Amino acid sequence: MLIAPPNCGVLIPIPQCPLYTATIAQFSGTTVPYYLDETSGWSTSVKSVEAAIEKATSKGVTTKVLVIINPGNPTGALLDQETQARLVELCEKHSLILLADEVYQDNLRRRDTSPFTSFKKVVAQTQSPIPLVSFHSISKGVSGECGRRGGYFECTNISDGVIAQMYKMVSFGWSSPLLGQIGVNCMVRPPKAGDESYPLWKKETREIHEALAARNRTQLMVARLNSLPGVSCVDSLGTLYLHPRIELSESAISAARAAGKEPDAFYSLELLDQTGICVTPGSGFGQKENNWHYRLTCLCPGIEEYVSKLEAFHKSFLEKYCA
């Protein structure tokens with residue numbers, strides 16, 4: 001409904017979940033990338049978004065939508081309220097619809113000192129009239145745990161007529177995803193104190209949050225990765241991931257090109273073959289030219305063995321493809 005081809009632009013953060021660029025392409029829209037700043041913790045710069053809008057306009061593209069992923073995927077970055085308020089002002093200035101992907105909102109490492117704030121709250125506090133669509137999912141957080149699939153979106157400042165059209169489009173799907181609907185219901189209506197299931201739900205939720213907040217685990221991974229030659233890794237506040245940057249030699253890049261692979265995909269496949277560790281190449285999320293990354297989870301048990309294998313592989317890879 002938001003895309004009217006061929007010149008409708010959608011602002012997408014880079015790196016980003018590949019679902020967005022794929023969906024935009026499917027409906028003949030135009031991706032308008034804005035780059036997150038890795039040097040400042042993968043922060044979102046309002047100036048970067050403004051520059052992306054200006055560049056798109058110069059090419060005849062009308063930017064209509066701003067996508068924000070908060071907490072970030074794959075970066076784990078968490079927006080502060082000041083930045084969120086400035087992004088809302090930006091949407092007002094350019095008449096943008098804000099799509100707030102907030103599916104990782106319950107995956108926080110320091111929820112006491114770095115809490116999540118929804119864009120709906122910011123829009124309400126600033127009394128902004130911008131159209132806002134907020135997304136949440138059971139497949140993250142503590143409900144679906146990346147297995148069950150189900151989610152919802154909530155509309156703020158969207159007219160009744162537009163919402164009626166949404167219902168009409170959804171009604172074309174005859175097969176309701178029952179298990180997903182049950183999962184969403186359980187997420188938005190969790191057990192309450194006094195309910196029979198409340199003690200178990202509280203215990204399991206607390207254990208998952210404690211695992212996410214295990215800073216010693218994440219800090220160990222970040223410190224060990226940053227100690228490797230040619231690796232730099234930003235500590236993250238949210239999601240399940242770290243997104244380290246790797247510097248690859250010309251020899252490695254040439255070998256990757258000869259194999260028909262992106263260099264970080266080539267690195268990731270060799271890592272999988274030699275250690276059994278599966279990571280996602282940064283080229284799948286988008287990145288600046290001649291930058292290479294991979295995304296890995298930082299929640300797995302046996303962290304010492306896991307990191308030791310990463311270290312040993314990286315050193316052997318550098319020796320194999322020395323410059």
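Mentor: The account below begins with the sheet and then turns to the loops and the salt bridges.

This is a predicted model, in which local features need pLDDT of at least 70 and side-chain atom pairs count only at pLDDT 80 or more, while totals for chains, interfaces and linings use all residues. Residues are numbered from 1 along each chain as its sequence is written, and side-chain values use heavy atoms, with hydrogens and water left out.

The open sheet has 6 strands in the order S2-S1-S3-S4-S5-S6, and its pairing is mixed. Strands (E, at least two residues) and helices (H or I, at least four residues) are DSSP runs numbered from the N terminus, and two strands pair if DSSP finds at least two bridges between them. Strand S2 (30–35) and strand S6 (151–156) stand at the edges with a single partner strand each, so one side of each has no neighbour in the sheet. From one strand to the next, the twist averages 25°; axes are lines fitted to C-alpha atoms, for helices over the stretch in contact, and angles run from 0 to 180 degrees between N-to-C directions.

Phe135 stands opposite Phe153 in S6. Helix H4 (residues 119–126) packs on the sheet and touches strand S3 (62–69), strand S4 (97–101), S5 and S6, its direction making about 150° with that of S5. Contact here means heavy atoms within 4.5 Å.

Another cis peptide bond joins Asn73 and Pro74, with omega about 20°; Pro74 is placed in the loop between S3 and helix H3 (81–94). The loop between S6 and H5 contains Asn157, which has a positive phi of about 60° although it is not a glycine. Asn157 is partly exposed, with a relative accessible area of 41%, where buried means under 20%, exposed over 50% and partly exposed in between (1.4 Å probe, protein chains only).

Charged pairs complete the picture. Side chains of opposite charge can pair when their charged atoms come close. The structure holds 8 salt bridges, each a side-chain nitrogen of Lys or Arg within 4 Å of a carboxyl oxygen of Asp or Glu. One of them joins Lys93 and Glu50, whose closest N and O atoms are 3.1 Å apart. This pair links distant parts of the chain, with Lys93 in helix H3 and Glu50 in helix H2 (residues 46–58), 43 residues apart. Lys93 is exposed at 60% relative accessible area, whereas Glu50 is buried at 17%.

Glu311 and Arg224 also meet through their side chains in a salt bridge (2.6 Å, N to O). Here too distant parts of the chain are linked, 87 residues apart: Glu311 belongs to helix H11 (residues 303–320) and Arg224 to helix H8 (residues 215–226). Glu311 is buried, with a relative accessible area of 15%, and Arg224 counts as buried at 17%. Arg224, Glu304 and Glu311 are linked in a network of salt bridges.
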